[in-house]
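Biologist: Could you open the model for me, please, and then walk me through it slowly?

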Amino acid sequence: MNNNPLPVATLNEGQYYRVSAMNYIVNGPSHLNMYIKTTKNVYVYQLLSGTADNDATEGFNYIPPLNCLLPKTIDEIGQINELPYGGTFNPPLFVKLNILTQTGAAVTVNNLPLATTYGPFPVTGTLDWVSYTVPDIAGNITVNSTKAVTAGIAGGSGNLGYGGYFAGFNSIPVISKVTGECAPGIILQVDSGFNHYQWNLNGNPIPGANLNTFSPTQGGSYTVSITKETCVYTTYPYKVNSCLVNTVKPLDICSAGVPVTIIPAFTNSAQIPVPNTVQIITPRQMVLLTVNSTTGVLTYTANAGTTTDTFTYKFCGNDPNFTDCEQVKVNITVVPLVLTDTTISACGVNGMGLFDLTAANVGAPLTAVKKYYPTLADLNANTGEIIPANAYSSAVPATVFVKVTTADGCTENAKITLQFFPRVVAMDAVLNGCFNENNPNTATFDLTAANVTTTFPSTRRYYPTLLDATNGTNEIIPGTNYVSPNGFVYVKVTSANGCFDFAKIKLNVIPPKPSGILIDKIICPDAFTTLDAGPDYTSYLWSTGATTQAIQNVPVGDYWVILEFNGCKTKQFVKVHPFPLPKIKKINVSNNTATVIAEGGTAPYQYSNDGFFWQDSNVFTNLIRGKNTFYVKDTNDCAPVQAQITVPNLVNAITPNGDGRNDTLDYSALAYLKDLKISIFNRYGHMIYSSDIDKTYKWDGKIGGLPMSTGTYWYEIKWTEPETQVAVMYADWILVKNRE
């Protein structure tokens, strides 16, 4: 009552409960509500009297349940204040219109909004609905709401009480069956025309089931959540049972006369079979077939000579509401257990092998239990079982025995012969590698080229030490490009069967082998020589492109040769140097005598002024005026160096008296010479004239315009020969004679 969590009564089908008027709650001025909620469908009637506390009840008003699927309009109330007969009431007849609608709705009566004194009033116990009351109502009435609405009247006069509801009762969707009796195959439906449908199984939404029809694939409680605008309503459950499932199951037994147990189990259902539901549908006459009613286990025993048989049984599950049942047809085939002796192999280490007996294929079913024994006597006595059977250490040759027991209880024995896999052949090897140019103490080895085994197929892994090879650490990867000095590496050779052995590879670095007779040479700059690498090599390749042991007519320069020995190539460089030639540093000329100053090269020098006749002295006399050429060569007797100079016309005296004859010391004709400089000194070594000042290369015997005293003066003429760049100096005395 009014959403009180404590129920006021519990009713069984056909029972009733009378609610006291004390449960009415005042929710507005002269406005009372009562909110009733039940866990199952009930009928509710309101008892009416014209006056309060009058037991003479004449109204028996049916109260429709609230539902969001109610209509939004009630327009069939005509002459609401008139009873079916005429007359005058005393006391006067009163009529009141009561309206119930969803919270938040806009309500009108005859298209006019209601005064706030008429509501809305809350309804104690629910926030989803509100109520209105309109007193003294009369005439034809139409009620409109923007949400679900229901309306009724209550009236009376004295002891007379009456009432009625005008709701155009809503059509609550109900699931109905279209066709079929069970799942799969049954089709369910609800009314069409709603905005959305969602079918549910046992309260859980079924993905994609959004039409007004649905075909269940399994038993259970089905409902539909239906949406109309903002209203969502879930129907009452519809119970669907699963159809009887028919399956066929094969059963192989190893021999006749041996009882075989069959435990019923569902193929797809998660239910647990109920033992007392197990029943034989097609019993057999010539075989023994029984059912244990306590456990539900069937026992089948084939007669002698039976090869095939069939029977059918049925059982049901433990769900009391949606019981699944399955009917099984069993096709029996008598298949004797036949085993085959076999052989298994293992790797031999020091005469022993570790054998996985479980890998021996003796032809037993996968579900069979296998036990292994060292002797047939142990097997028969069930003693000395080999545990664990997947790691049995044994020498060879040897045999063990296996006892196979099937799920049906059949047993058989087989023999397993033990042998070793073929031994892995591992051989030590030697690898030679040519030195690396950047580090001649090392070579780059292709370890995979070492012939360390004749076992094929096999895998090889390379390690720097035997300990690494044993532990599988520090593997050399890749093995095709291993840089190492002289030393050893170790190889683990593994066969396709997983057996392995170790081999050792010796690494030899072939050092470079340069030629001992091919050395640098020194020759005259314009001479030629021969370079010879010697006969100790299998091939030669010179920087000139030649492929011979020696090359001739080699001028000054840098050369190399690639020498091949023992398959390795050494690149050797050699230089042909020129002898350093002497150089004429300068030539001093005095009168008609020249002194040649030489440097560089290898002394002693020889000198010549014609290139044919040579002398040890560097002084040349009686030179002609004009151009003269001098030659110098050193002890290496290479082509001489030469220098050309000009021996000027010498002036020994001037008479600067203005008579136009011998007035000046004039060397202006030599102005074309490079770096020409004329200097004149008095007897004390003081410079009294320099051509650096006036660049005329003329001296008139004066200083500052004043004539010099008659006497002798020392003068020097210096220049650089343009063609040879040889420095030349001419020096001598000159007489200056002034006529007083």
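Biologist: Which residue stands opposite Phe121 in strand 10?
Modeller: Phe121 stands opposite Ser131 there. Residues are counted from 1 along each chain as its sequence is written, and since you will be reading details, please keep in mind that this is a predicted model, in which local features need a pLDDT of at least 70, side-chain atom pairs count only at pLDDT 80 or more, and totals for chains, interfaces and linings use all residues. Side-chain values use heavy atoms, with hydrogens and water left out.

Biologist: What counts as a strand here, and when do two of them pair?
Modeller: Strands (E, at least two residues) and helices (H or I, at least four) are DSSP runs numbered from the N terminus, and two strands pair if DSSP finds at least two bridges between them. How this works can be seen in strand 9 and strand 10, the latter covering residues 126–135, which run antiparallel and are joined by three bridges.

Biologist: Which strands does strand 40 pair with?
Modeller: Strand 40 (residues 487–495) is joined to strand 38 (residues 458–463) by six bridges, and to strand 41 (residues 500–510) by eight bridges; both pairs run antiparallel. Ser458 stands opposite Ser495 in strand 40, while Val493 stands opposite Asp501 in strand 41.

Biologist: How many residues lie between strand 40 and strand 41?
Modeller: There are four residues between them, and the two strands form a hairpin, with Gly498 in the turn showing a positive phi of about 90°. Another hairpin joins strand 36 to strand 37 through two residues, and there Asn436 stands opposite Asn439 in strand 37.

Biologist: What is the phi of Asn2 near?
Modeller: Phi of Asn2 is near 50°, a positive value in a residue other than glycine, and Asn2 lies in the segment before strand 1 (25–28). In general, most residues other than glycine have a negative phi, and most peptide bonds are trans.

Biologist: Which residues are joined by a cis peptide bond?
Modeller: Val396 and Pro397 are joined by one, with omega about -5°, and Pro397 is in the loop between strand 33 (392–394) and strand 34 (398–405). Ile477 and Pro478 are joined by a cis peptide bond as well, again with omega about -5°, and Pro478 lies in the loop between helix 2 (466–471) and strand 39 (482–484).

Biologist: Changing topic, how many salt bridges does a search of the whole structure find?
Modeller: The search finds eight, where a salt bridge is a side-chain nitrogen of Lys or Arg within 4 Å of a carboxyl oxygen of Asp or Glu. One of them is between Glu229 and Lys72, whose closest N and O atoms are 2.7 Å apart. Glu229 lies in the loop between strand 19 (220–228) and strand 20 (231–234), and Lys72 in the loop between strand 4 (59–62) and strand 5 (73–77), so the pair ties together parts that are 157 residues apart in sequence.
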